[in-house]
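Thanks for coming, everyone. I'll walk you through one structure this morning. Please have a look at it first.

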Amino acid sequence: MLNDFVNQFWPATIDGLAFGSIYALIALGYTMVYGVLRLINFAHSEVFMIGTFGAMFVPFVLGISSPLTGIALVGIIVAMILAGMVASAGTAMALERIAYRPLRSRGASRLAALISAIGASIFLQELFALLIIPKVFNRPQQGRIPMALPRLMERTELFSIFGHSVRVDQVLVIVAAIGMMVALDALVNRTKVGRGIRATAQNPEAAVLMGVDINKIVRMTFLIGGGMAGVAGALYLISYENTNYFIGFLFGIKAFTAAVLGGIGNLRGALVGGITLGLVENYGAIFFGSDWKHVISFSILVLVLMFRPTGILGESLQQARA
Amino acid sequence: MNQNPLARFRTGLGNFGDVMHDRWLSTPGWQRWIVYLLLIVVALLLPSDSIGSFMSPDTDWASILFFPIGTYVVLAIGLNVVVGQAGLLDLGFVAFYAVGGYAMALIGTRLGWNFWVIMLVGITLCALSGITLGAPTLRLRGDYLAIVTLGFGEIIRITARNTDEIGGPNGIRGIPHPPSINDLHIFGVDVSNLLGGIEPLKYGVLDPKPYYYLLVGLAVIVIILVKRWEKSRVGRAWAAIREDEDAAEVMGVPTFRFKMLAFAIGASIGGSMGVLWAAKSISINPNDFQFLLSATILAAVVMGGAGNLPGVMLGAFVVAWLPERFRGLEEYRMLIFGAVLVALMIFRPEGLLPSRQRRAELKEGSGGMGTLGAEVPGPEAHGEEVASK
């Protein structure tokens, strides 16, 4: 048992970091919306799903089916990430406009918003399974079958740690995710929009009095959170090379777990929570087998909430300093 | 208040509901009992084909009356105790339904016990699992509780899938049916001899009606119990916790104990339905207990009007029946179901038949739902308030 752990420690670490980065990027959307609106954006999982398909659309339209190199490879990866961002951010803003704002303006309960989100979630999944995948991606009758991405990037070994190879796609995921996090952190802490977001999270009433346009801030929150989920979708697709209409569900729960783990409403907490969750579930999988991966992460969640309900960092968006 | 035609229509509908409710409250007890009896008779007559031809032209009406309609109604009543009355957001209710189902399947196939004994065992098991889940998690509030219960629901399902001793992903087959009346022996007398060839309430594979009658019986018992609880000290304690947990605690309500009780009762109701459902369906597997089912039942509770029993039952009926009614639309039914959920929440966030209290909370703008309600009202409400000052 211990031998297994020693043997698989480094592969599990790399996998854990890659998955953890993706969880963290999705968790940002949950945490930002929660910080500003005190609302679990349950349909955020579908925002991620649509991000993977947005990224899939680029090689599909260009008809690429063999690995690329050099500038072409960089170009296509950037294009896929951008397409994922646009698709996801658009979806997130549409969700805000259609499923949440009418409820908000009426002061409905958060429970009603939750049901509305679950409805939107079912709608988007079915929309992809029934219409978008068969029609747009030209796969009639196969809307519910996982769709594979042709290999775009040769999985060359970049370097090795203690004899375990680290592939270029894994490094890409981790580096890109951390880059996005740093950019977001700067956005929230240094720009005017970021100040508005923090002010609204802290006290919406006072924020209005100080001249913050709350509707704009809420829109921006969904836009940014959606964009991050889109990046996550594109990175996941590039690295794991397949997706399906139902993929959002598990990633959504995991990412929310990550957000809670790090301290919901806390942007840096999302990063810490995501990475922690990714690592813990991959280490746990060594001991208990990969079938139990999900059980491990949920058990961790329950334990953390019991002993430290505010999450690892605990500090929330409201108190984040400039 | 701005009064566009739609808003006027809604208020009008609400007033009509109030009038009916007042009249109902002032009717003498015996008249109410007649109405209750009539409702039970109607419920028993429901599976007839003449109603079925309109209600579900594409599927066997009696079958869908048992599942999903009847099953959803009982599950929604159970979840309503937790969500509607005690105000605890439970996203993993399906776990208890699964525990009941697996109790029936395992004990029935391995030990061969009688259905009724298993029912009691299943209910006890579910109450215990409700307490087991509640003990560590019920100190959490609102969203945290929601995500933990969701996690618990998934843990139960994945554990069932990964444990080969209980069938793994294939589940369990050959679950026994409840004993038919003809199989009974009362004081050593074989009942089938007394009945002389007729076979009433024969629990077999083909006819869903006997199971449906059993379900109506279960529903009636559950409704009576839940109503009694609601009107008792327990119900008032739940309402107090739902509205303001801190205030309830200060007033001397042992909030933790009452929250556990709500969890245990909700779990037992979900579990009893699980036992009955497994006894009909012969085989069960972990995929019968997806998160989507929890979400659907919660949608039924909220859509009907959380906390109001007739509303919740109506919500469950609509949620279960609509996709079946529109089976003609085949694969598009879930798409439409999702869109209907969103539309209903936009146009009637308080649910189809809300309790009067809930409507008052909504008007007040506090968002309602006690601990679930936003501590901070929606920013737009703020905006308007501030603008009008």
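**A loop residue to start**

Start with E241(A). E241(A) counts as partly exposed, because 16 C-beta neighbours lie inside 10 Å. The cut-offs are these: a residue is buried with 20 or more other C-beta atoms within 10 Å of its own, exposed with 12 or fewer, and partly exposed in between, with C-beta atoms placed from the backbone. E241(A) sits in the loop between α8 and β4 (242–243) of chain A. Its phi is positive, about 60°, although E241(A) is not a glycine.

A word on the ground rules. This is a predicted model, where local features need pLDDT of at least 70, side-chain atom pairs count only at pLDDT 80 or more, and totals for chains, interfaces and linings use all residues. Residues are numbered from 1 along each chain as its sequence is written, while chains are lettered from A and ligands numbered from 1 in the order in which they are written. Helices (H or I, at least four residues) and strands (E, at least two) are DSSP runs, numbered from the N terminus.

I282(B) has a phi near 65°, a positive value in a residue other than glycine. I282(B) is in the loop between α12 (255–281) and α13 of chain B. With 14 C-beta neighbours inside 10 Å, I282(B) counts as partly exposed.

**Inside chain A**

Now helix α2 of chain A, residues 44–62. α2(A) has 19 residues and reaches 28 Å from its first C-alpha to its last, close to the 27 Å expected at 1.5 Å a residue. The expected span is 1.5 Å times one less than the number of residues. Buried or enclosed, how much of α2(A) is that? 15 of the 19 residues are buried, so α2(A) is largely enclosed by the rest of the structure. G63(A) follows α2(A), with a positive phi near 65°.

Next, a helix pair. Two packed helices are described by the angle between their axes and the distance between the axes. Helix α1 (residues 2–37) and helix α8 (residues 214–240) of chain A pack at about 170°, with axes 9 Å apart. That makes α1(A) roughly antiparallel to α8(A). Axes are lines fitted to C-alpha atoms, for helices over the stretch in contact, and angles run from 0 to 180 degrees between N-to-C directions. Angles under 35 degrees count as roughly parallel, over 145 as roughly antiparallel, 65 to 115 as roughly perpendicular and the rest as oblique.

The crossing of α1(A) and α8(A) is left-handed. Left-handed means the near helix is turned anticlockwise from the far one by less than a right angle; clockwise is right-handed. By class, this contact has 19 nonpolar, five polar and no charged residues. Here Ala, Val, Leu, Ile, Met, Phe, Trp, Tyr, Cys and Pro count as nonpolar, Asp, Glu, Lys and Arg as charged, and the others, Gly among them, as polar.

**Where the chains meet**

How many residues does each chain give to the contact? Chain B gives 52 and chain A gives 48. Two residues are in contact if their C-beta atoms, placed from the backbone, lie within 7 Å. On the side of chain B that touches chain A, α7(B) gives the most, with twelve residues. By class, that side has 35 nonpolar, twelve polar and five charged residues.

One helix pair spans the chains. Helix α4 (residues 110–136) of chain A and α15(B) pack at about 155°, with axes 7 Å apart. They are therefore roughly antiparallel to each other. Their crossing is left-handed. The contact has 16 nonpolar, three polar and one charged residues.

**Inside chain B**

On to α13(B). Its 14 residues should span 20 Å at 1.5 Å a residue, and its end C-alpha atoms are 20 Å apart, which agrees. α13(B) is mostly covered, with eleven of its 14 residues buried. Just after α13(B), G305(B) takes a positive phi of about 115°.

Last, Y212(B), in helix α9 (residues 209–231) of chain B. Y212(B) is buried, with 22 other C-beta atoms within 10 Å. Leaving out residues up to four places away in sequence, Y212(B) touches P47(B), A62(B), L65(B), F66(B) and G70(B). One more thing: the peptide bond from F67(B) to P68(B) is cis, with omega near 10°.
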